[in-house]
Amino acid sequence: MRSNKLLLLLGVILLLASCKKEDEPAIVVIDTTPYILNTYDLPLPQIAEDNKLTKTGVALGRRLFYDKLLSLDQSLNCASCHQQQFAFSDTSRFSIGVEGMPGGRQSMAVVNMAWNNNEFFWDGRAHLLRDQVVKPIQDPLELNLAMATLLERLQNHPEYPNFFMAAFGSSTITEELLGLALEQFCNSIVSGDSKYDQFLAGTASLTESEERGRTLFFAEFNPGFPDISGADCAHCHAGKNFENDQYMNNALDADSDMEDLGRALVTENSSDNGKFKVPTLRNVALTAPYMHDGRFQTLEEVVQHYNSDMVMSSTIDPALIYPLNNGGLQLSDQDVQDIIAFLNTLSDETLVTNPEYASPF
Ligand code: HEC
Ligand code: HEC
């Protein structure tokens, strides 16, 4: 630790020295001080070995995330569609890009990405986070800026070349380094301090309604025994992050009504028609509207969908066929309210107020 600090100090001195004498070549100073991720009580995250979080890397990624230089007319940034107050999602059904044109899908909550280990986007078309994060920049419906133009903007900026030097040891800014910096910041956004987490840690207690909702959420559907029959949500929204890294069809549309084929657009396999990433339910009360196309405005509509409005199709998840053929989940109004009360306990006030994730500008 001490020698780290010494090296850092030395680095700063060298940088200062190199600024003074313009004729001398700049001295490469990387600052690899690790960024310590607060993972609360979550399992160990999967951070890529070749892009470990450093303080300078995360800080650079954060700055890029909030910099409007990244959009064609400098009017938008990543945070326009991934707002901290909404758990890094946004409230429009289809996020509006620079041309004022909506995209075809609802924004996803960029939270706990470090635990996401099966591709990115609703359809999983991006393999690694670093590939994902540079796509919205060039997407005509999002930031709509040619990569070459962006790299030129950053290269000519008074500060960015030095920031890249400190984070990656090179002041030549490339698409790859840009992706690595944004990947680091996205990986640093962690949610693990909801009321539910506190309940698990024994520092908060659930109300009667929240507790009933919790039981219903986790219990299996069992129409023969109505007293213990649950909604089986955890069948797919599983584990500490309430997701399962899979692509599934949760009975939204019949085959002929699927406007967006989802996962099948990537795999080109019709058995994936209408399958989408099982999203995390952490902070779900903050991330309306819901589903890949934002079709539901409220959690009540979502729970009613599973309760009574599911639609049969050739790719529906098998777990949903059973309730579908048995007259739905048969949840009472009180059950629905209790499940919603439980979902509300997944909101994390620390995440939405943490200054480390806010705009540095
Ligand atoms: C115009 C709105 C908009 C902007 C700007 C935008 N995003 Fe997104 N983001 C979305 C939408 C919509 C999706 C889902 C897209 C899809 O599945 O096709 C998404 C998905 C993502 C995901 C995938 C999350 C997951 O769980 O798979 C990440 C990560 C992400 N965005 C990061 C970024 C970064 C970094 C930037 C800035 C470089 C950015 N976004 C800019 C709207 C936007
Ligand atoms: C068979 C797997 C499965 C089961 C069971 C399931 N879900 Fe889902 N859930 C999904 C998938 C897949 C999506 C995304 C679908 C899409 O966007 O098209 C989703 C989306 C959601 C969303 C929207 C999240 C967002 O960010 O837009 C909520 C809320 C939700 N589910 C809650 C529940 C609840 C509550 C239950 C139990 C009553 C439940 N789910 C049961 C697979 C499932």
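Predicted model: local features only at pLDDT ≥ 70, side-chain atom pairs only at ≥ 80, totals over all residues.

Student: Which residues come closest to ligand 1?

Tutor: The closest are Cys78, Cys81, His82, Phe121 and Lys277, from a shell of 25 residues. Helix α4 gives the most to this shell, with five residues. Both α3 and α4 supply at least two residues each.

Student: How do you know that Arg105 makes a polar contact with ligand 1?

Tutor: A polar side-chain atom of Arg105 lies 3.0 Å from an oxygen atom of the ligand. The cut-off for a pair of N or O atoms is 3.5 Å, so the pair counts. Lys277 also passes, with a polar side-chain atom 2.8 Å from an oxygen atom of ligand 1. For Phe121 a polar backbone atom takes part, 2.7 Å from an oxygen atom of ligand 1.

Student: How do the residues around ligand 1 divide by class?

Tutor: There are 14 nonpolar, seven polar and four charged residues in that shell.

Student: Now for the other iron atom. Which residues are the protein donors for ligand 2?

Tutor: They are His237, through NE2, and Tyr306, through OH, lying 2.0 to 2.1 Å from the iron atom. His237 sits in the loop between α9 (208-218) and β1 (247-248), while Tyr306 is in helix α11 (residues 299-308), so the pair ties together parts that are 69 residues apart in sequence.

Student: Is His237 buried or exposed, and how do you know?

Tutor: His237 has a relative accessible area of 10%. Buried means under 20%, so His237 is buried.

Student: What about Asn241: buried or exposed?

Tutor: Asn241 has 7% relative accessibility, which is under 20%, so it counts as buried too. Asn241 lies in the loop between α9 and β1. Its side chain forms a polar contact of 3.0 Å with the side chain of Arg282. Beyond residues up to four places away in sequence, Asn241 touches several others, including Leu42, Asn112 and Trp115.

Student: Which residues come nearest to ligand 2?

Tutor: Of 23 residues around ligand 2, the nearest are Cys233, Cys236, His237, His292 and Tyr306. Helix α11 gives the most to this shell, with three residues. By class, the shell has 17 nonpolar, three polar and three charged residues.

Student: What makes the approach of His292 to ligand 2 a polar contact?

Tutor: A polar side-chain atom of His292 lies 2.6 Å from an oxygen atom of ligand 2. That is within 3.5 Å, so the pair counts. Met291 also qualifies, through a backbone N or O atom 2.8 Å from an oxygen atom of ligand 2.

Key. Residues numbered from 1 in each chain as written. Chains lettered and ligands numbered in written order. Heavy atoms only, no water. Near = heavy atom within 4 Å. Polar contact = N/O pair within 3.5 Å; in protein donor to acceptor, adjacent residues only side chain to side chain. Helix = DSSP H or I, 4+ residues; strand = E, 2+ residues; numbered from the N terminus. Nonpolar A, V, L, I, M, F, W, Y, C, P; charged D, E, K, R; others polar. Donors = N, O, S within 2.8 Å, 3.2 Å for Na, K, Ca; no water. Buried < 20%, exposed > 50% of the residue type's maximum accessible area, 1.4 Å probe, protein only. Contact = heavy atoms within 4.5 Å.
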